[in-house]
Amino acid sequence: VLDDILDDINKISIKKEFIFLDAKYDLSIVEKNKINVILNFDDLEKVFVEQINIFGNFITEEKVIRNSLIVDEGDAFNEVLFDKSINKIRSRGIFKSVSSRIKKSENDNMKKIIDIIVEESPTGEIFAGAGTGTAGSTVSVGISENNYLGQGVGVTTNLSISEESVQGVLSIKNPNYKNSDRSLNTRIESQSTDYLSKFGYKTSKTGFSLGTSFEQYEDLYFSPQISTYYEDVETSAKASAAKKKQEGDYFDSEFTYGLTLNRLNQNYQPTSGFKSKFTQTLPMYSEDWTIRNSYEFSKYLSTNNDTVFAFNFFVKAVNALSNDDVRVTKRVFIPGKKLRGFEIGKIGPIDNGDFIGGNYGTSLNFAASMPTIAKD
């Protein structure tokens, strides 16, 4: 508890620009069952950053690393902010390892020279696969690159073909668009699912989305997105009465926004803190005027032996403003990563033998990460 208090004090000190203030505490036991806590505030040595050198980035552009730095050349050196900078570089997911060296300047003892050493890891892959099972056969090909042209941009494209569906996706994510500290996310996709022979309906959907994300206030992130899709629903005599009512062409233009409160101690392998995210999708133009709401909460706790416990709660609701049923392609399914051991899309309400999803869904997950046990 006292360590958490010190962390809060350090955060407040940095926010109020008391960069050279260090908080510590002393404990003394009195009357056998009482403890005196004394908080001490000491002035740190006023040290500034003279130079930052980056080594090991043979592919990644240097600006990608420097844009992640909270402490830059000419700034006051603060160990808390510097550690956050290193963790921010690690969270990019494009380096195998990130380390640092801090040394005194030869010209001025009040200045520091920082060396950041990165080891690049393979960030791209070309994949192709084929498989068969109880759900049928699937063939997929694609290209994925998390550091496109060494600029830290993620590009993913894939094509998946099964006995009942065809899906193609192109996704581009720029985490720092034009050095604005705002991400730019683009997604273009087309998919077709044919269940005419089994359940009496076929759907095809094509469109794109464009969004961004940025820190609006301290630890509070705002993520707006606009998406536009065209969809066609076709039915046959085998379809249920509910699906036959949904036959037709649909054009949807939606606005989605997310509010995320991120109080994790670090984004890369967090060990404490929490993350709370609310997302809502509102129709700007639609045939059925559907509203989607979701909320997700994650909490991390660590013990003295470095075991990390993670708790995750997820809930989602989909409702149509009209009296019609929610369209079959907009209904709620529990994500596969939150429901281990089950076939994706095969949990929930069933209509005419088909898993059609529901209006509401929720999941609760617990996980533990234990330290590696060294062998003698």
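Q: Which residues form the positive surface patch?
A: Lys-173, Lys-275, Lys-277, Lys-337 and Arg-340 form the positive surface patch. The model is a predicted one, in which local features need pLDDT of at least 70, side-chain atom pairs count only at pLDDT 80 or more, and totals for chains, interfaces and linings use all residues. Residues are numbered from 1 along each chain as its sequence is written, and side-chain values use heavy atoms, with hydrogens and water left out.

Q: What are the rules for a patch?
A: Patch residues have over 30% relative accessible area and no salt bridge; like charges are joined within 9 Å, and nonpolar side chains (Val, Leu, Ile, Met, Phe, Trp, Tyr) within 5 Å. Lys and Arg count as positive and Asp and Glu as negative, while His and the chain ends are not counted. The place of a charge is taken as NZ of Lys, CZ of Arg, CG of Asp or CD of Glu. Accessible areas come from the Shrake-Rupley method with a 1.4 Å probe, and for residues only the protein chains shown count as cover.

Q: Where is Lys-337, then?
A: Lys-337 sits in the loop between strand 16 (308-320) and strand 17 (350-351). Strands (E, at least two residues) and helices (H or I, at least four) are DSSP runs numbered from the N terminus.

Q: Is Lys-337 buried or exposed?
A: Lys-337 is exposed, its relative accessible area being 59%. The classes are buried at under 20% relative accessible area, exposed at over 50%, and partly exposed in between (1.4 Å probe, protein chains only).

Q: Which residues make the nonpolar patch?
A: Leu-27, Ile-29, Ile-35, Val-37, Leu-39 and Phe-41 make a nonpolar surface patch of about 600 Å². Strand 1 (21-30) and strand 2 (34-43) each supply at least two of its residues, and the largest share, four residues, comes from strand 2. Leu-39 lies in strand 2 and is partly exposed, at 39% relative accessible area.

Q: Changing topic, how many salt bridges are there?
A: The count comes to 16 salt bridges, each being a side-chain nitrogen of Lys or Arg within 4 Å of a carboxyl oxygen of Asp or Glu. Side chains of opposite charge can pair when their charged atoms come close.

Q: Which residue meets Glu-164 in a salt bridge?
A: Lys-198 does, at 2.5 Å from N to O. This pair links distant parts of the chain, 34 residues apart: Glu-164 is in the loop between strand 8 (153-162) and strand 9 (165-174), and Lys-198 is in the loop between strand 10 (183-195) and strand 11 (201-217). Lys-198 is partly exposed, with 48% relative accessibility.

Q: And what does Arg-327 pair with?
A: Arg-327 forms a salt bridge with Glu-231, and their closest N and O atoms are 2.6 Å apart. Because Arg-327 lies in the loop between strand 16 and strand 17 and Glu-231 in strand 12 (residues 220-235), the pair ties together parts that are 96 residues apart in sequence. Arg-327 counts as buried at 1% relative accessibility, and Glu-231 counts as buried at 1% relative accessibility.

Q: Which residues are linked with them in a network?
A: The network of salt bridges links Glu-231, Asp-252, Glu-254, Arg-292, Arg-327 and Lys-330. Within this list, Glu-254 forms a salt bridge with Arg-292, the closest N and O atoms being 3.1 Å apart. Glu-254 is in strand 13 (residues 248-262) and Arg-292 in strand 15 (residues 290-302), 38 residues apart. Both Glu-254 and Arg-292 are buried.

Q: How many aromatic pairs does the structure hold?
A: The structure holds ten aromatic pairs. Rings of Phe, Tyr and Trp (its six-membered ring) pair if their centres lie within 6.5 Å; planes under 30 degrees apart count as stacked, over 60 as edge-to-face and the rest as tilted.

Q: Why is the pair of Phe-214 and Phe-222 edge-to-face?
A: Their ring centres are 5.9 Å apart and their planes stand at 80°, so the pair is edge-to-face. Phe-214 is buried at 14% relative accessibility, whereas Phe-222 is partly exposed at 23%. Elsewhere, ring pairs link Phe-274, Phe-297, Phe-311 and Phe-366 into a cluster.

Q: Finally, what does the chain hold overall?
A: The chain has four helices and 19 strands. Of its 376 residues, 33% count as buried.
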